Amino acid sequence: MDLFSDPSLERHFTGHTNAITQLRFSPDSSQIATSSLDHHVILWNLKQAARCIRFSSHTGPVHGVSWSPKGNLIASASQDRTVKVWEPKVRGMSGEFLAHGKPVRSVDFDATGQFVVTASDDKSCKLWRVSRRQFITSFAKQNNWVRAAKFSPNGELVASVSDDKSLRIYDVKSGECVRCFTMQQAPPRQLAWHPMGNMVAVALGCNRIKIFDVGGSQILQLYLVHSAPVNDVAFHPSGNFLISGSDDKTIRILDLLEGRPIYTLTGHTDAVNAVAFTQDGLKFASAGGDRQLLIWQSNLHTYDASQFEAKATSCCDTSGTFSAEPSRSGSATSNDLSIRIDPRESMAYQALDENFQPPTDAGCVARFCFRMLFNA
């Protein structure tokens, strides 16, 4: 029987001049949008010799990006307190609105593309109708900065994480907080909805990852697999795997069905701030403080849990430990059998993608009023 294939680095890009804060694949997986502390969003076209566009309209660091479901719009959130919505092309139209009184940390489209939710240092999340820049309601139960807010897959709920050490779940129609989970050790930094919409994973500043059952109001799994704060998490589309990025410069891949880490990926030379899967799960990307964007083949569709332990034991250093602590079952510590992958000797890493073309500025090329963007 053939062993399953490990993840492998496919492409390696640089282009930002400061840390990358977030990344998102387009719905068709042909492009990646990255936001950065350098005030820019870069749009990487993966199918046209990596030609990329730099959106330069923000006047402060950009903390978050989101694609509309159709892939025809991108929203970006910035320290300059604005959210900008723009077409992902050189001469695309763009518009903006002042979303909050303090820096905006995240922006997220709903499944229809008609609404966005924003999160801010002003301790609130806000719901907006995109086409009119229309404020609808505010979710303001948090007592500190709100790091991220995201719609559930069906758009009926919004989850937010705040520096008040809370994960809150809001009902979009009523605006009410229907669930609140409190973290004891440290504030959460980011969240991800499970594809089924029944669970939320949270990246924590205390080096942990927690997965909550939203309906059951309980913690399902807790992982201590990083040695420094966790900055981002993302579910595989199957819902069976989770990737995470950390200040410890590594990416971890977890097998959620078995409750264990299966891969430790290196290659970044600074904190990993952002991770994301494509919609089909065949690829994922990572980016962070080293300004690098790494694109990986996941190969998780070949993964076989029954073969994992034999393969891991034969090729890995098992001196490390991990803790997986599901609710109501106590903690369990065992050898970390995860397979370690370092791509820095690979051709993909060293090439820095020979077809890369420097960014072309956009955003200031053609700027029209927001209403024209949607009514033209």
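Cys177 is partly exposed, at a relative accessible area of 26% (buried is under 20%, exposed over 50%, partly exposed in between; 1.4 Å probe, protein chains only). The model is predicted: local features need pLDDT of at least 70, side-chain atom pairs count only at pLDDT 80 or more, and totals for chains, interfaces and linings use all residues. Residues are numbered from 1 along each chain as its sequence is written, and side-chain values use heavy atoms, with hydrogens and water left out.

The structure holds zero disulfides (a disulfide is a pair of cysteine sulfur atoms within 2.5 Å). Cys177 is in no disulfide. Its nearest cysteine sulfur belongs to Cys180 and lies 5.4 Å away. Cys125 is buried, with 0% relative accessibility.

Ser36 lies in strand E3, residues 31–36 (strands, E, are DSSP runs of at least two residues, numbered from the N terminus). Ser36 is buried, at a relative accessible area of 0%. Beyond four places in sequence, Ser36 touches His16, Asn18, Ala19, Ile20, Thr21, Pro61 and Val62 (contact means heavy atoms within 4.5 Å). Val62 is 26 residues away along the chain, yet the two C-alpha atoms are separated by 5.3 Å.

Ser66 sits in strand E6, residues 62–67. Ser66 is buried too, at 4% relative accessibility. The Ser66 side chain reaches the backbone nitrogen of Phe109 at 3.1 Å. Beyond four places in sequence, Ser66 touches Leu73, Ile74, Ala75, Val107, Asp108 and Phe109.

One cavity of 30 Å³ or more was found (on a 1 Å grid over the protein atoms alone, a set of points where a 1.4 Å probe fits but cannot get out; lining residues have an atom within 4 Å of a point). The largest cavity holds about 40 Å³ of space (the space filled by probe spheres set on the points, which are joined across faces, edges and corners). Its lining comprises Gln22, Arg24, Val65, Ser106, Val107, Asp108, Ala149 and Lys150. Strands E2 (20–25), E10 (104–109) and E14 (146–151) each give two or more residues to this lining. E10 gives the largest share, three residues.

Key:
Helix = DSSP H or I, 4+ residues; strand = E, 2+ residues; numbered from the N terminus. Polar contact = N/O pair within 3.5 Å; in protein donor to acceptor, adjacent residues only side chain to side chain. 1 Å grid on protein atoms, 1.4 Å probe; cavity = no way out; pocket = protein on both sides within 12 Å on 5 of 7 lines; lining within 4 Å.
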